[in-house]
Amino acid sequence: MMLKNVAIATAIVFLLAGCSSGGDSGGGKGGGSVDSAAAEKSFKQNCASCHGNNLEGGTGPALKQIGKEHSKDEIMKQIKNGGGGMPAGLINGDEAENVAAWLASKK
């Protein structure tokens, strides 16, 4: 029951972050340059233990279609600041920007 509560709280934090769709560096709905292989590798090393190897969720929310609701900038804010059970700053800098853009492209 505790893990379910953490997953729900994490999902709420993502929703409250006001994320919408996007994939470009400006956080809008346009396309952007993403190194998908590097983003996926970083995700699997740093995020998959909570969000699942296939973005299916676990203790953290599913991210398979996160780009439908969250912009790149808003995903980046969540990565940077954490919250709702998610630790802040698991990845930083260009690596975090690339992962955020990659996730924003998931629609």
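Reader: Which residues of α4 are buried?
Author: This is a predicted model. In α4, the buried residues are K72, I75, M76, Q78 and I79.

Reader: What follows α4?
Author: G82 follows α4, and its phi is positive, near 65°.

Reader: Which residue other than glycine has a positive phi?
Author: L55 has a positive phi, near 65°, and is a residue other than glycine. L55 lies in the loop between α3 and α4, the latter being residues 72–81.

Reader: Is L55 buried or exposed?
Author: L55 counts as buried, at 8% relative accessibility.

Reader: What separates N92 from I79?
Author: Their C-alpha atoms are separated by 8.1 Å, and the two residues are 13 residues apart along the chain. I79 is one of the buried residues of α4.

Reader: Stepping back, how many helices and strands are there?
Author: The chain has five helices and zero strands. Read from the N terminus, the order of elements is α-α-α-α-α.

Reader: What share of the chain is buried?
Author: Of the 107 residues of the chain, 38% count as buried.

Reader: Now to α2. Which of its residues are buried?
Author: Helix α2 spans residues 36–46, and A39, S42 and F43 are buried there. Viewed down the axis of α2, these buried residues fall within an arc of 100°, so they line one face of the helix.

Reader: Which residues are exposed on the other side?
Author: On that other side of α2, the exposed residues are A37, K41 and Q45.

Reader: What do the buried residues of α2 pack against?
Author: They pack against α3, residues 48–51, and against α5, residues 93–104.

Reader: How do α2 and α5 cross?
Author: The axes of α2 and α5 come within 9 Å and cross at roughly 100°. The two helices are therefore roughly perpendicular to each other.

Reader: Which residues meet there?
Author: From α2, the residues are S36, A38, A39, E40, S42, F43 and N46. In α5, they meet E95, N98, V99, W102 and L103.

Reader: What kinds of residues are these?
Author: The residues of the contact of α2 with α5 divide into six nonpolar, four polar and two charged.

Reader: Could you say more about A39? What does it touch?
Author: Not counting residues up to four places away in sequence, A39 touches N98, V99 and W102. A39 belongs to helix α2 and counts as buried, at 0% relative accessibility.

Reader: How many residues apart are A39 and W102 along the chain?
Author: They are 63 residues apart along the chain, while their C-alpha atoms are separated by 6.4 Å.

Reader: What separates N98 from E40?
Author: The C-alpha atoms of N98 and E40 are separated by 9.5 Å, with the residues 58 apart along the chain.

Reader: A change of topic. How many disulfides are there?
Author: A search of the whole structure finds zero disulfides. C47 is in no disulfide, and the nearest cysteine sulfur, that of C50, is 8.6 Å away. A disulfide would need the pair of sulfur atoms within 2.5 Å.

Note on methods: Residues numbered from 1 in each chain as written. Predicted model: local features only at pLDDT ≥ 70, side-chain atom pairs only at ≥ 80, totals over all residues. Heavy atoms only, no water. Buried < 20%, exposed > 50% of the residue type's maximum accessible area, 1.4 Å probe, protein only. Helix = DSSP H or I, 4+ residues; strand = E, 2+ residues; numbered from the N terminus. Arc of directions from axis to C-beta. Contact = heavy atoms within 4.5 Å. Axes fitted to C-alpha atoms, helices over the stretch in contact; angles between N-to-C directions. Parallel < 35°, antiparallel > 145°, perpendicular 65-115°, else oblique. Nonpolar A, V, L, I, M, F, W, Y, C, P; charged D, E, K, R; others polar.
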